[in-house]
Amino acid sequence: MNHILELAERLAQTHDLPDDELLVLIRRRNPGASSFLKAEARALCDRIYGKEIYLRGLIEFTNFCKNDCYYCGIRKSNRRAERYRLTQEEVLACCDMGYPLGFRTFVLQGGEDPWFTDERLCKLVAAIKKRYPDCAVTLSVGERSRESYQRLFDAGADRYLLRHETATESHYKKLHPPELSLKNRLSCLQALRDIGYQTGCGFMVGSPFQTSEDLVRDLRFLKEFQPHMVGIGPYLSQRDTPFRAEPNGSGELTLFLLSVIRLLLPEVLLPATTALGTLLPRGREEGILCGANVVMPNLSPEDARGKYLLYDNKLSSGAEAAESVFLLRESLENIGYRAVAAKGDSLVS
Ligand code: SAM
């Protein structure tokens, strides 16, 4: 039998492969192996989660950032970024809009904005939990101290998304300025996990300088860390960053890796990301069909959406917009899935 297909079969059966074989699988993937992995990943997800897809309402509450990541449109050196920060009332108004639409998880994402001290952020989290005790609050606000993560957890935050970005030290250095380190990123992730957050990590597919060996290290890191959630999406260039001329990541490779990640971590919560939907016309649906089980429509106010520009042409309308969740429900139904209002906690212990 075709060697690549044999590797794919072994991955589907054993939920792992040695690094050298993962490398061969990535490098020499072919349409036959990809469609096999896609079917296996989707069938596995169906066995665990059924036909249900969890919705998360994404609230991009600040685009101020003290960091200068070379790939990101809201990096501090981008003078063209129009900065904004939502008030507590504005964030609560987003939740008020989302709740009747069926959202039971609110994801507060932002740049690393020092204005949001522990005190302010804890107040915000507590206010959401007080108004909506049956909802989960997910934070995605970057690197903070362990004490800060603990305070936010005590204030009611349930989950935390912090992509590790790349598990390869030398690659991390090529994507970030010297003051940021992989070591700190990973110790933040460990702290989040230890405190008791449902923790998410992840990476961009096709970020500048990424090699197949880097991807294998990313997959190995995921397998070892056993996160509750994994966010991956293609790298997409942004015109005001130092990486403006770098090509976008591949949609095909992103879909392939979604299937591989589902098979490596059967119970993981895996979103079909906005970046994938931006790159491919049916990216969201394709992502689900390759093993994803979460979608995160945008609940931010209209004018904020136009300013949270991590990359060019970022989708925030149509089925990507929370207020049009009926379009999303319809597109999921068309491929045999149902968007659910459930909080959608992780099954990973
Ligand atoms: N500041 C927080 C952090 O660092 O985790 C959360 C916000 S950050 C903008 C969220 C994610 O956006 C990053 O983890 C990164 O992977 C992704 N991102 C940033 N720029 C991107 C780009 N040009 N293409 C695709 N994804 C990008």
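Strand β6 (residues 198-205) pairs with β7 in the parallel sense, with six bridges holding the two together. Two strands count as paired here if DSSP finds at least two bridges between them. Along this pairing, Gly202 sits opposite Gly231 in β7. The model is a predicted one, so to speak of local features takes a pLDDT of at least 70, side-chain atom pairs count only at pLDDT 80 or more, and totals for chains, interfaces and linings use all residues. Residue numbers start from 1 along each chain, following the sequence as written. Helices (H or I, at least four residues) and strands (E, at least two) are DSSP runs, numbered from the N terminus.

β6 and β7 belong to an open sheet of six strands, ordered β2-β3-β4-β5-β6-β7 and paired in parallel. At its edges lie β2 (57-62) and β7 (229-234), each of which pairs on one side only. From one strand to the next, the twist averages 20°. As for angles in general, they run from 0 to 180 degrees between N-to-C directions, and axes are lines fitted to C-alpha atoms, for helices over the stretch in contact.

There is also an open sheet of three strands, in the order β8-β1-β9, again with parallel pairing. Here β8 and β9 are the edge strands, each pairing on one side only. Strand β1 (residues 52-55) runs parallel to strand β9 (residues 338-340) and is joined to it by three bridges, with Glu52 opposite Arg338 in β9. On the β8 side, β1 and strand β8 (residues 294-295) make a parallel pair over two bridges. Tyr54 faces Val294 in β8, while Leu55 has Val295 as its bridge partner in that strand. Helix α14 (residues 325-334) lies across β1, β8 and β9, and runs at about 135° to β9.

Two helix pairs stand out for description. Helix α4 (residues 88-98) packs on helix α5 (residues 118-131) at an angle of about 35°, and their axes are 10 Å apart. On the α4 side the contact uses Gln88, Val91, Leu92 and Cys95, and on the α5 side Lys123, Leu124, Ala127, Ile128 and Arg131. Residues are in contact if their C-beta atoms, placed from the backbone, lie within 7 Å. By class, the α4 contact with α5 has six nonpolar, one polar and two charged residues. In this scheme Ala, Val, Leu, Ile, Met, Phe, Trp, Tyr, Cys and Pro count as nonpolar, Asp, Glu, Lys and Arg as charged, and the others, Gly among them, as polar.

The other pair is helix α6 (residues 146-154) and helix α8 (residues 182-195), whose axes come within 10 Å and cross at roughly 35°. α6 passes α8 in a right-handed crossing as well. Arg146, Tyr149, Gln150 and Phe153 of α6 meet Ala191, Leu192 and Ile195 of α8, which gives five nonpolar residues, one polar and one charged.

In an unreviewed UniProt entry, the annotation "domain: Radical SAM core" covers residues 51-289; UniProt positions follow the numbering used here, feature names are shortened, and annotations may be inferred rather than shown by experiment. That span is 40% helix and 16% strand, with its end C-alpha atoms 11 Å apart.

Conventions. A crossing is left-handed if the near helix is turned anticlockwise from the far one by less than a right angle, and right-handed if clockwise. Two residues are in contact if their C-beta atoms, placed from the backbone, lie within 7 Å.
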